[in-house]
Amino acid sequence: MSATATVEDLGTRIEEALRLRFAERAAAAERYGTDFVALWQTAAEHATGGKLLRPRLLLDLLRALSPHGLSKDETQRAIGIAVDVEMLHFAFLLHDDVIDGDLLRRRRPNLIGTLAQRHGADPSEPVLHWARSSAILLGDLLLTSATLGFARVDASTDTRDRLLALLEHTILETVAGEHADVALSDGVITPDLRTILATSAHKTATYSFVLPLRAAAVLAGAAPAAEEHLAAIGGHLGLAYQLQDDLLSVFGDADRHGKDPFSDLREGKETAIVAYARMTGHWPSIELRFGTADLTPSEATDMRDRLRECGAEDFVRGLVQEQLAAASTVLAEAEADGTLPPAVAHTILQLASRIEGRSE
């Protein structure tokens with residue numbers, strides 16, 4: 001990865017490596033029958049073609065930490081780890097869709113929905129069970145593949161050990177976040193703001209931001225202090241990103257962000273928006289239809305307006321700004337003591353700006 005490599009070059013190389021990884025798995029699946037091959041091919045269709053936020057972040061930061069560029073071998077190693085991070089992401093999405101009982105993602109059939117639809121427009125319960133089981137099994141395989149990718153990285157023993165410890169922590173904390181998220185959805189634990197924010201940080205920020213930032217630091221041979229600062233920055237940015245996602249799901253333009261409008265309100269998703277609304281006098285009127293699957297567009301629009309009127313939208317936007325400001329503070333401290341170079345600060349500030357201005 002030379003200093004002159006473009007964003008498009010990096011994106012193309014990541015996409016090509018990801019497609020190759022799935023093609024290799026599909027080829028290895030041939031001895032187990034056409035259905036298993038089809039599973040990997042379908043997975044490739046759903047896992048590729050996206051924004052590649054996490055692998056791009058890893059490579060962008062690694063480039064910032066390596067002002068003199070990287071060798072061909074170092075570049076290939078970094079792309080391999082970046083692809084492992086994306087496969088980990090897809091594994092979590094598959095398991096999440098099973099847990100939530102979703103057949104759609106961004107208003108299109110997800111892997112489960114695609115598999116089920118191949119057996120008819122109105123698949124039977126046995127077919128749905130098979131499709132969901134396929135997603136669980138494939139997610140397990142992808143988690144294993146990502147772990148083996150980290151374990152087999154062509155690097156020093158110290159680098160490999162640091163990467164594996166990072167991956168182990170990431171998986172543990174993400175699963176803990178998902179476990180709490182399910183408990184919130186099912187009413188097993190109290191949906192207070194502190195719990196909701198901690199759950200969002202563990203479920204989303206840890207693997208989407210902290211992991212790629214810390215992995216880049218490890219691959220660059222950065223000092224542990226740099227990794228610690230990046231972990232803190234990633235935590236703040238990741239939480240801001242999730243809070244923005246919650247805002248977009250309720251108050252955003254569905255035609256731009258592509259998500260099912262008001263799905264969070266229909267599902268009764270416990271977010272910081274709802275946690276704030278619960279503390280206001282508007283909650284009794286919101287609670288009447290919150291979490292009902294047959295919520296009409298008119299009712300959902302009215303509920304959104306009440307959430308806005310009670311101050312929930314402004315409150316959560318304030319939380320986003322607080323997290324972005326906290327990330328900037330940690331970054332300034334790291335830059336001042338020489339832990340992180342100016343190029344890294346520039347990359348982080350660009351990311352923060354993109355989060356702040358998200359519309360999709």
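**Notebook: salt bridges and overall build**

I take a salt bridge to be a side-chain nitrogen of Lys or Arg within 4 Å of a carboxyl oxygen of Asp or Glu. E178 sits in helix 7 (residues 157–185) and K203 in helix 8 (residues 193–219), so the pair ties together parts that are 25 residues apart in sequence. For helices I use DSSP runs (H or I, at least four residues), and for strands likewise (E, at least two), numbered from the N terminus.

I noted the source before going on. This is a predicted model, in which local features need pLDDT of at least 70 and side-chain atom pairs count only at pLDDT 80 or more, while totals for chains, interfaces and linings use all residues. Residues are numbered from 1 along each chain as its sequence is written, and side-chain values use heavy atoms, with hydrogens and water left out.

Is E178 buried or exposed? I found it buried, with a relative accessible area of 13%. K203 is buried too, at 18%. The cut-offs are under 20% relative accessible area for buried, over 50% for exposed, and partly exposed in between (1.4 Å probe, protein chains only).

I then looked for shared partners. Salt bridges join D96, E178, D181 and K203 into one network. Side chains of opposite charge can pair when their charged atoms come close.

Next I looked up K269 and D246, whose side chains meet in a salt bridge with an N to O distance of 3.9 Å. K269 is in the loop between helix 11 (263–267) and helix 12 (272–278), and D246 is in helix 9 (residues 224–251); the pair links distant parts of the chain, 23 residues apart. K269 is partly exposed at 26% relative accessibility, whereas D246 is buried with a relative accessible area of 3%.

I stayed in that loop for T271, which is also found between helix 11 and helix 12. At 4% relative accessibility, T271 counts as buried. Which residues does T271 contact, leaving aside its neighbours within four places in sequence? I listed I196, D246 and D264. Contact here means heavy atoms within 4.5 Å.

My last pair was R19 and E15, a salt bridge with the closest N and O atoms 3.1 Å apart. Being four residues apart in helix 1 (residues 7–28), R19 and E15 are separated by about one helical turn. R19 is partly exposed at 46% relative accessibility, but E15 is buried at 14%. A search of the whole structure gave me 20 salt bridges.

I counted 16 helices and two strands. The radius of gyration is 21 Å, close to the 21 Å that the globule rule gives for 360 residues, so the protein is as compact as a globular protein of that length. That radius is taken over C-alpha atoms, and the rule is 2.2 Å times the number of residues to the power 0.38. The C-alpha trace spans about 60 × 55 × 35 Å along its principal axes. Buried residues make up 49% of the 360 residues. Of the contacts between residues at least 6 apart in sequence, 74% join residues at least 24 apart.
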